[in-house]
Amino acid sequence: MQDVTRLPASTGSGRIGIVHLGLGAFHRAHQAVYLERYRQRSGDDAWGVSSANLRANVALVDALREAGHRYHVAEYADSERVTVREIGVIEETHFTGQDKSAGRDGHWGRDLEALLVRLASPETRLVTLTVTEKGYFLSPASGELLVDDPLIAADIATPEAPRTAPGLLVEALYRRRHAGLPPFTVLSCDNMPDNGKRSRAAVIQLAARRDAELAAWIEREVAFPCSMVDRIVPAMTGTDFARLAELGIEDPNAVVGEAFSQWVVEDDFPQGRPAWEADGVEMVADVAPFETMKLRMLNGSHSLLAYLGALDGIETVAEAVSRDDLVVLLRRYMLDEAAPTLAMPEDADLEAYAEQLLERFANDSLRHRLQQIAMDGSQKLPQRWLHGAQARLAVGGDISCTALGVAAWIRYTAGADLAGCSHAVDDPLAERLADLHARHGDDVAALVPAFLAVEDVFPPELAAEPRFAEAVMAAYTTLTQQGLARALAALARA
Ligand code: NAI
Ligand code: CS2
């Protein structure tokens, strides 16, 4: 018998204090849940949310409008225990992307003006983001704004009709400044290191292209706190919808996630914020230790499973960690390669954290597909693996697990697994990486250095480190010639 707890939604208030950019699965199952709990506990209904998609997906926006913005979040502790919560804090939704049904010439910005009006409204005090790492248009390795990207170039040319998240923030802040309004606070909830500092860099660098005084005002007046977010919320599958239907929930906008949830936020909100501490949000002076720990240990492990597992035909995280050799790899990676690079508060127990992560990964009520995690590797590798590897190498430490991961990522971007079954490579650099494979084939002595020379991913000092390049080449050879099980066995013996 399943133990099902059902929790009703709060009543919509029509009062909007927060605009969110990136209405994906994670926002619906993380931030919205904290705000729902906050509203129900405190009775404060001033922090309703206006949520927008800037690219995919318009269908979700329309479906949520049709449902009066009510939807369900199913939180699985395990396959026996689930809490199904209805959410009422999203008050309105917008879509500002391109109309893909009209092909390449599709019109941009269906709800753009309405969203800009909302962003420039005096009631809006906080703007939150989950636009994925690539939505900031920063070089993952250097953190510099990608001024040559066609969408950023368009936002520089016509800033009043922005297409990117940084562009929207700049135009909204421009409008607020001209209206004599205070700015809003910008809170990134994406898995990036120093996500507040990076958001700030993107916005200020873009604003400087438009108006130096605007850029200086933003630099002076706008707070960009950092945050660490954590809850595993996989993309929905047919199986998930069918399981919810068995519980009597027929909801096309529902999301499924784990019961675990964490949100650690730098307490820098000059325009005010919900008093959400009692609802589980941890307010701290410095997020960096928590963020780095989560990125290197949780996300670093996820990416190891994603590339190695996908190359071996494994479909989900839970299936991957049912293999002993992959669990041995994860423990070694987390404890010997990631943990020693972290500067944690004294009471932090990284061994316990690693064991808790392995338990979370084994939650087989989630169908967390490795292909989803494998997406956008070029944007994820630096913070998950490479900065840690640099720190390990600097003290003569071992980086064998990371090197195997990098080798697997390189092989994965060829677009087929080790048995030759093809997969899509969903990555902003996919074409460039495919071109490197086309040019160098399986000539590992040319292929690996060509990948390490991609400066948007690999910091030049790391690429120039012979111990790193040699370890990746050796791992690539073993993995591609002998397969995953043998590569893992060789690593365990070394
Ligand atoms: P999703 O696929 O459901 O939604 C992706 C969202 O990002 C959509 O709103 C989409 O419109 C937007 N987006 C994608 N590329 C964009 C771009 N270039 N410009 C503007 N918007 C863009 O994914 P999900 O699960 O909502 O995850 C989104 C992000 O949330 C992740 O990339 C990660 O940084 C963060 N996150 C996700 C977790 C999860 O388990 N799903 C957990 C922790 C953080
Ligand atoms: C995952 C994360 O998709 C990925 O790359 O590693 O989204 C992961 O599920 C979350 O960060 C967990 O909080």
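The following legends describe close-up views of a predicted model. In this predicted model, local features need pLDDT of at least 70 and side-chain atom pairs count only at pLDDT 80 or more, while totals for chains, interfaces and linings use all residues. Residues are numbered from 1 along each chain as its sequence is written, chains are lettered from A and ligands numbered from 1 in the order in which they are written, and side-chain values use heavy atoms, with hydrogens and water left out.

**View 1**
Helix H21 spans residues 484–493. Helices (H or I, at least four residues) and strands (E, at least two) are DSSP runs, numbered from the N terminus. Within H21, Leu484, Ala487, Leu488 and Leu491 are buried; buried means under 20% relative accessible area, exposed over 50%, and partly exposed in between, with a 1.4 Å probe and protein chains only. These four residues lie on the same side of H21, because they cover an arc of only 95° around the axis. The arc is that of the directions from the helix axis to the C-beta atoms. Arg486 and Arg493, on the other side of H21, are exposed. The packing partners of the buried residues are helix H10 (288–311), helix H12 (324–338), helix H16 (400–412) and helix H20 (466–482). Contact here means heavy atoms within 4.5 Å.

**View 2. The two sides of helix H5.**
In helix H5 (residues 150–157), the buried residues are Leu151, Ile152, Ala154 and Asp155. Their arc around the axis is only 155°, which puts them on the same side of H5. Pro150 and Ala157 are exposed on the other side of H5. Helix H6 (165–178) and helix H7 (195–210) are among the elements that cover the buried residues of H5.

**View 3. Strand S11 and its partners.**
How many of the 5 residues of S11 are buried? The strand is mostly covered, with 4 of its 5 residues buried. Strand S9 (residues 227–230) pairs with S11 in the antiparallel sense over 4 bridges; two strands pair if DSSP finds at least two bridges between them. Asp230 has Gln262 in S11 as its bridge partner. S11 is also joined to strand S12 (residues 282–284) by 3 bridges, and these two strands run parallel. Glu266 stands opposite Val284 in S12.

**View 4. Aromatic ring pairs.**
A pair of aromatic rings is described by the distance of the centres and the angle of the planes. Rings of Phe, Tyr and Trp (its six-membered ring) pair if their centres lie within 6.5 Å; planes under 30 degrees apart count as stacked, over 60 as edge-to-face and the rest as tilted. By this rule the structure has 8 aromatic pairs. One of them joins Tyr34 and Trp263, whose ring centres are 5.4 Å apart and whose planes meet at 50°, so the pair is tilted. This pair links distant parts of the chain, with Tyr34 in helix H2 (residues 31–42) and Trp263 in strand S11 (residues 262–266), 229 residues apart. Tyr34 and Trp263 are both buried. The rings of Phe458 and Phe468 have centres 6.4 Å apart and planes at 50°, so this pair is tilted. Phe458 lies in the loop between helix H18 (444–452) and helix H19 (460–463), and Phe468 lies in helix H20, 10 residues apart. Both Phe458 and Phe468 are buried. Ring pairs also link Tyr34, Trp263, Phe269 and Trp276 into a cluster.

**View 5. Arginine charges over aromatic rings.**
The charged end of Arg243 sits over the ring of Tyr76, at 4.5 Å from the ring centre. A charge sits over a ring if NZ of Lys or CZ of Arg is within 6 Å of the ring centre and within 35 degrees of the ring normal. Arg360 places its charged end over the ring of Phe260, 3.7 Å from the centre of that ring.

**View 6. Cysteine residues.**
How many disulfides does a search of the whole structure find? The search finds 0 disulfides, a disulfide being a pair of cysteine sulfur atoms within 2.5 Å. For Cys189, the nearest cysteine sulfur is that of Cys226, 11 Å away. Cys189 is buried, with a relative accessible area of 4%. Cys401 is also buried, at 0% relative accessibility.

**View 7. Val327 in helix H12.**
Val327 lies in helix H12 and is buried, with a relative accessible area of 13%. Leaving aside neighbours within four places in sequence, Val327 is in contact with Val321 and Leu358.
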